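Here's a quick briefing to read alongside the sequence and the 3D view. Have both open as you go.

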Amino acid sequence: MDVQVEAKGETATLGTADISRILATLPHRYPFLMVDRIVDIDGDRHAIGIKNVTANEPHFQGHFPDNPVMPGVLILEGMAQTAGTICLWQYPVENASPLVYFMTIDKAKFRRPVVPGDVLEYHMTKLTKRRNMWWFRGEAKVDGQLVAEAEVSAMIAARAGK
């Protein structure tokens with residue numbers, strides 16, 4: 001579904017992507033897929049990834065059994081997967097879409113725990129792009145409150161044999 005919006009005299013198309021489109025784009029699968037849906041896609045400039053955090057996810061068995069808290073590295077991974085999806089949608093799909101590799105994490109901060117029942121939003125905004133490299137600023141939010149933030153970068157590469 002796409003929605004036309006006007007801001008600052010320019011028209012943009014804000015789209016959405018369900019799990020089928022995400023699975024067609026990213027190589028990740030359960031239990032390592034950290035994005036359930038992407039909303040408010042504005043080209044390669046911005047998107048919001050959604051993760052519904054549930055108690056039956058395997059990392060909660062050990063982190064922590066009596067006080068389940070989503071590991072911060074998985075929150076960062078969800079940010080990177082959202083950003084990677086934005087990147088990959090900018091490349092034409094031929095026989096096989098390119099791969100996206102997570103390169104750096106900078107300025108990461110964690111503000112509060114994410115627990116089962118939370119709906120985690122990854123707000124990713126492109127900072128810059130040069131050739132096959134992308135830089136994003138991300139904020140993870142639950143109920144509008146900042147829970148984590150970071151700057152991440154990614155590199156796009158052809159699949160082996162392509």
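**Helix α2 and the overall picture**

With its 17 residues, α2 reaches 24 Å from its first C-alpha to its last, close to the 24 Å expected at 1.5 Å a residue (the expected span is 1.5 Å times one less than the number of residues). This is a predicted model, where local features need pLDDT of at least 70, side-chain atom pairs count only at pLDDT 80 or more, and totals for chains, interfaces and linings use all residues. Residues are numbered from 1 along each chain as its sequence is written, and side-chain values use heavy atoms, with hydrogens and water left out.

**Fold and packing**

- The protein chain comes to two helices and eight strands, where helices (H or I, at least four residues) and strands (E, at least two) are DSSP runs numbered from the N terminus.
- Along the sequence, the pattern reads β-β-α-β-β-α-β-β-β-β.
- Of the 162 residues in the protein chain, 41% are buried (buried is under 20% relative accessible area, exposed over 50%, partly exposed in between, with a 1.4 Å probe and protein chains only).
- α2 is largely enclosed by the rest of the structure, because 15 of its 17 residues are buried.
- Among contacts with a separation of 6 or more in the protein chain, 60% link residues 24 or more positions apart; contact means heavy atoms within 4.5 Å.
- The accessible surface of the protein chain is about 9,000 Å², and 53% of that belongs to carbon and sulfur atoms (Shrake-Rupley method with a 1.4 Å probe; for residues, only the protein chains shown count as cover).

- An unreviewed UniProt entry carries the annotation "active site" on H63; UniProt positions are given in the numbering used here, feature names are shortened, and annotations may be inferred rather than shown by experiment.
- H63 sits in the loop between β4 (46-52) and α2 (72-88), and counts as partly exposed because its relative accessibility is 24%.
- Not counting residues up to four places away in sequence, H63 touches P68, V69, M70 and P71.
- H63 is joined to F64 by a cis peptide bond, with omega about -10°, and F64 is found in the loop between β4 and α2.
- H59 lies in the loop between β4 and α2, but H59 is buried, at a relative accessible area of 15%.
- Leaving aside neighbours within four places in sequence, H59 is in contact with M70, P71 and L74.

**Rings and charges**

- The count is one aromatic pair, by a rule that takes rings of Phe, Tyr and Trp (its six-membered ring) with centres within 6.5 Å and calls planes under 30 degrees apart stacked, over 60 edge-to-face and the rest tilted.
- That pair is W134 and F136, stacked at 6.1 Å centre to centre with 5° between the planes.
- W134 counts as buried at 0% relative accessibility, and F136 counts as buried at 0% as well.
- R21 has its charged end over the ring of W89, 3.9 Å from the centre (the test is NZ of Lys or CZ of Arg within 6 Å of the ring centre and within 35 degrees of the ring normal).
- R130 has its charged end over the ring of W135, 5.0 Å from the centre.

- The peptide bond from Y30 to P31 is cis, with omega near 10°, and P31 is in the loop between α1 (19-25) and β3 (37-42).
- D40, in strand β3, has a positive phi of about 55° although it is not a glycine; D40 is partly exposed at 34%.
- K107, in strand β5 (residues 99-110), has a positive phi near 55° and is exposed at 59%.
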